[in-house]
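Work through the two exercises below with the sequence and the structure open beside you. Try each task before you read its solution.

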Amino acid sequence: MKQKSILDFTKFKCIVIGVSAGGMESLTRLFAHIPKDFPLPILVVQHMHKLQNDYFITHHNCTCILPVKEAEEKEKIRSGTIYFAPPDYHLLVEEDETLALSVDEKVNYSRPSIDVLFESAADVYKEKLIGIILTGANNDGAEGIRIIKQKGGFTIAQNPKDAEFPVMPQSAIDLVEMDRILSLKEMTTEFIRWDQEDEI
Amino acid sequence: MKADIEKIEIDLFLEAIFKCYGYDFQLYARASIKRRIKHLMKKNGYNRISDMTSDILHDPSVFEKVVYDFSITVTEMFRDPSFYQSLRNKIIPYLKTYPFIKIWHAGCATGEEVYSLAILLKEEGIYNKATIFATDFNEHALDVARQGIYSLKDTQKYSTNYQKAGGKASFSDYYYARYNSAIMRKSLSKNVTFANHNLVTDGVFGEMHLILCRNVLIYFNKDLQNKVLTLFNESLIHGGFLALGSKETLSFSSIENDFKPIDKKNKIFRKIKKG
Ligand SMILES: C[S@@+](CC[C@H](N)C(=O)[O-])C[C@H]1O[C@@H](n2cnc3c(N)ncnc32)[C@H](O)[C@@H]1O
């Protein structure tokens, strides 16, 4: 059964994604379907080991049509670009829509932490932010999703049944009334159809 | 417009701290500062930033807590091992050519990096001709640094970092264990002067051969970064070296043209010789 695409991406300014265990494969699948003219920037916090990052970036650059890069401090956020938090640094968004990094204490045993990105992005983009929480084995991101919602943003969780590790999306769902709970496949359909109106 | 009120409250909070106590956080990167202010509010049971501002103005002990909460002293020994390897292989050979060397370690936090550097200098045989100034504006952190006593449970990680950084001996040669503590050998801090120095308000350190300032500039906005980088530029001899954190850069800064990169990945730059 097809779901009607009610997400009009042009009403938003940014997407933030949080993902942990099982992230590599989910992101690969999600990004593989994003069209070249996708109108928003995507900021990603993925929990990972300190040494893996270069490989991640290279990998996603190969499988995704949009440019994928490691976030740099003071960098201007550009639409149609995917930014990853560097390993061992928190990623934040500044008021002037530039990126910031910090080595503050770990949050939820994590650096980068999804909550840190989500909260700072929610402060800046408010109702123009989409927050997506994917597979993972901890509860980082749930509080961040709560704040995105509180500031009027749009929240999406991966359907825990669909997630390789259900704990993370489930924690968000338990804490916040999500706008959408979708399988990865349904999410990719949203991305593909972003510019197609009157879709059934 | 609730969000604007919050912004005004933050501006007033930072201005109050500056006017009352002389600590200037107004040019720090806002997103991080905001996070810490909210954290402080929660921790101390405030509902409004302005309530906290009022208490800070009238009670120095409240301010004390803020300063230490605002200064993020997260650090480790041989953080980014490849940086230390690069220092050893690419910079130390130059330093060896000087009869004496002066090093400024700015934003040294609790000192782990300073001891790492001291170990490196010892192993390369130039410790005895080195004078190291290790500074921070956080007096608590400096106290820890002066003592050189760290948690024993971290030594395993540090030992791994040390090996990866090209360590020539065993990390355990440099401390002795007592209960749950690792006490750094006093010979490592013999030539180190730990001192309070605020990068925003205090002046230059003259004639340095090497300045290390890692993971401090990311907390500053562009203007403050340029100001502090100028301070470093003025404190270095021609041909001196500047080492930044792995995500920090001189690109697009006001001193970019006075330096050339020695190791782009490990963020080591050299002040160009003039004349
Ligand atoms: C994250 S730590 C970095 C420690 C170490 N350099 C490292 O990279 O592991 C940042 C340090 O900068 C210090 N700092 C922040 N603002 C400062 C200022 N205005 N003047 C001097 N030190 C400052 C803090 O107190 C803290 O110890």
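This is a predicted model: local features need pLDDT of at least 70, side-chain atom pairs count only at pLDDT 80 or more; totals for chains, interfaces and linings use all residues.

Residues are numbered from 1 along each chain as its sequence is written, chains are lettered from A in the order in which they are written, and side-chain values use heavy atoms, with hydrogens and water left out.

**Exercise 1.** Find which residues have the most contacts inside the largest nonpolar core.

*Solution.* Begin with the term: a nonpolar core is a set of buried Ala, Val, Leu, Ile, Met, Phe, Trp, Tyr and Cys residues joined through side-chain atoms within 4.5 Å, where buried means under 20% relative accessible area (1.4 Å probe, protein chains only). The largest such core has 78 residues, and B:F13, B:F232 and B:L242 have the most contacts inside it.

**Exercise 2.** Determine how the lining residues of the second largest pocket divide into nonpolar, polar and charged.

*Solution.* A pocket is an open set of points on a 1 Å grid over the protein atoms alone, where a 1.4 Å probe fits, with protein on both sides within 12 Å along at least five of seven lines; lining residues have an atom within 4 Å of a point. The second largest pocket holds about 1,500 Å³ of space, a volume being the space filled by probe spheres set on points joined across faces, edges and corners. Of its 44 lining residues, A:D123, B:E6, B:K34, B:K38 and B:M41 are closest to the centre. The lining divides into 12 nonpolar, 7 polar and 25 charged residues, with Asp, Glu, Lys and Arg counted as charged.

Key:
Buried means under 20% relative accessible area, exposed over 50%, partly exposed in between (1.4 Å probe, protein chains only).
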